[in-house]
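Hi there,

Here is the structure I promised to pass on to you.

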Amino acid sequence: MKIEGKVATIIFRNEKNSWTVMLLKVGKDYVTAVGEIEDIEVDDEIELEGVEDTHKVYGTQFKFSTYKKVLPKTNAALIQYIADNIHGIGKKTARNIIEEFGDETVNVIRFNPDRLASIKGLNDEKIENLYTFFNDEWEKWNTIEYLSKFSISAIVANKIYQALGKDTITIVKENPYSLLSFVKALDFNTVDEIGMNMGVSLYNEDRLDNGVIYAINKITDFGHTCVEKENLLNYSASLLKVGINDVLESVNRLCDMEKLFIQEIDKEDFIFRSSYYLAEENIAKSIAKHLKKKIKNRKYEREIEKVSKKNSLVLSDEQKEVIKNSLNSGFSVITGGPGTR
């Protein structure tokens with residue numbers, strides 16, 4: 001069910017999760033609408049899709065799952081819309097534009113902005129601002145509407161658009177799984193639903209490769225820098241709903257592209273994300289380089305006492321020994337319990 005109207009009042013908005021309760025004017029009636037929504041203010045024209053529901057305390061509500069902003073349909077609303085959103089253009093200039101072009105105003109702004117030069121109060125910069133704003137808004141909400149067909153919320157769709165811009169729809173059509181590289185908050189199953197709706201095969205290489213990368217990212221998000229090969233194969237196969245051999249082919253392909261790295265540790269193969277593998281490799285090289293440095297052995301007692309006195313520090317003999325050892329070594333590892341310093 002779809003309803004369209006103007007935001008009359010925002011009753012409540014949770015800034016953390018965008019949950020909003022608002023009063024929407026639909027024709028001559030007012031409807032209480034509830035759901036997750038962003039970038040919406042009082043007097044905005046919006047279209048909501050959802051269901052009518054009866055709350056035991058608050059009565060009849062319209063619970064929406066998706067929404068989109070629509071351009072104002074009256075001259076007065078369009079004048080206000082332009083004045084509110086375009087820096088340097090007030091109601092007087094906005095009224096001049098609409099009086100000149102009438103129902104064609106939006107099309108003139110979007111497709112023939114040169115015609116705006118005849119309007120008193122506009123210069124090249126303001127015309128460019130008008131053109132950019134209206135086209136960006138159209139692209140944004142067109143993209144959000146397109147993604148909503150795949151059960152992606154407007155808020156997530158907005159994040160995707162912020163990452164990819166006006167090329168979003170083209171990128172999604174060419175390879176929906178590439179979304180996982182651009183928007184970290186996306187779940188694989190959400191993107192997979194888009195792929196399945198577009199007829200992508202379970203064994204599509206882009207699907208398999210992005211699924212394996214997603215899987216190892218998920219595992220290593222908990223503090224690990226690598227994962228046992230067998231564990232990654234099993235988890236990925238379950239996620240992708242394919243066989244172990246299909247995942248193994250994908251892993252080998254990703255290793256060839258240096259997106260993954262395999263290293264044998266204690267006679268067992270471990271798989272690394274490229275960023276973690278290269279980071280550990282650089283750390284190891286740096287350690288090896290420091291260990292080769294010849295450092296002249298010194299006692300440092302005077303320096304330690306001087307710094308301790310200046311900073312009002314009282315160090316134990318053990319702490320002083322640690323400081324001397326670290327200063328006389330090319331590389332040191334100093335550890336302590338939680339909360340120590």
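First, the ground rules. This is a predicted model, in which local features need pLDDT of at least 70 and side-chain atom pairs count only at pLDDT 80 or more, while totals for chains, interfaces and linings use all residues. Residues are numbered from 1 along each chain as its sequence is written, and side-chain values use heavy atoms, with hydrogens and water left out.

Helices (H or I, at least four residues) and strands (E, at least two) are DSSP runs numbered from the N terminus. Two strands count as paired if DSSP finds at least two bridges between them.

**The barrel**

Five strands close into a barrel, in the order E1-E2-E3-E5-E4, with mixed pairing. From one strand to the next, the twist averages 50°. For this and the other angles, axes are lines fitted to C-alpha atoms (for helices, over the stretch in contact), and the values run from 0 to 180 degrees between N-to-C directions.

Strand E1 (residues 2-13) is joined to strand E4 (residues 45-55) by five bridges, and the two run antiparallel. Lys2 has Glu49 of E4 as its bridge partner. E1 also pairs with strand E2 (residues 19-26), again in the antiparallel sense, over six bridges. Two places to look at there are Phe12, which stands opposite Val21 in E2, and Ile10, whose bridge partner in E2 is Met22. E1 and E2 make a hairpin with five residues between them, and Ser18 in the turn has a positive phi of about 65°.

E7 pairs with strand E8 (residues 268-273) in the antiparallel sense over six bridges, and Ile265 stands opposite Glu268 in E8.

**Helix packing**

Two packed helices are described by the angle between their axes and the distance between the axes. In what follows, contact means heavy atoms within 4.5 Å. As for the angle words, under 35 degrees is roughly parallel, over 145 roughly antiparallel, 65 to 115 roughly perpendicular, and the rest oblique. In the residue classes, Ala, Val, Leu, Ile, Met, Phe, Trp, Tyr, Cys and Pro count as nonpolar, Asp, Glu, Lys and Arg as charged, and the others, Gly among them, as polar.

Helix H1 (residues 75-85) and H4 pack at about 110°, with their axes 11 Å apart, which means that H1 is roughly perpendicular to H4. From H1, Leu78, Tyr81, Ile82 and Asn85 meet Leu130, Phe133, Phe134 and Glu137 in H4. This contact divides into six nonpolar residues, one polar and one charged.

The axes of H1 and H2 come within 8 Å and cross at roughly 130°, so H1 is oblique to H2. H1 contributes Asn75, Leu78, Ile79, Gln80, Ile82 and Ala83 to the contact, and H2 contributes Lys91, Ala94, Arg95 and Ile98. By class, there are six nonpolar, two polar and two charged residues in the contact of H1 with H2.

H4 and helix H5 (residues 154-164) pack at an angle of about 125°, with axes 9 Å apart, so H4 is oblique to H5.

**Two single residues**

Is Asn135 buried or exposed? Asn135 sits in helix H4 (residues 124-148) and is buried, with a relative accessible area of 14%. Buried here means under 20%, exposed over 50%, and partly exposed in between (1.4 Å probe, protein chains only). Leaving aside neighbours within four places in sequence, Asn135 is in contact with Ile109 and Arg110.

Glu104 lies in the loop between helix H2 (91-101) and helix H3 (105-111). Its relative accessible area is 43%, so Glu104 is partly exposed. Glu104 and Asp114 are 10 residues apart in sequence and 14 Å apart in space, C-alpha to C-alpha.
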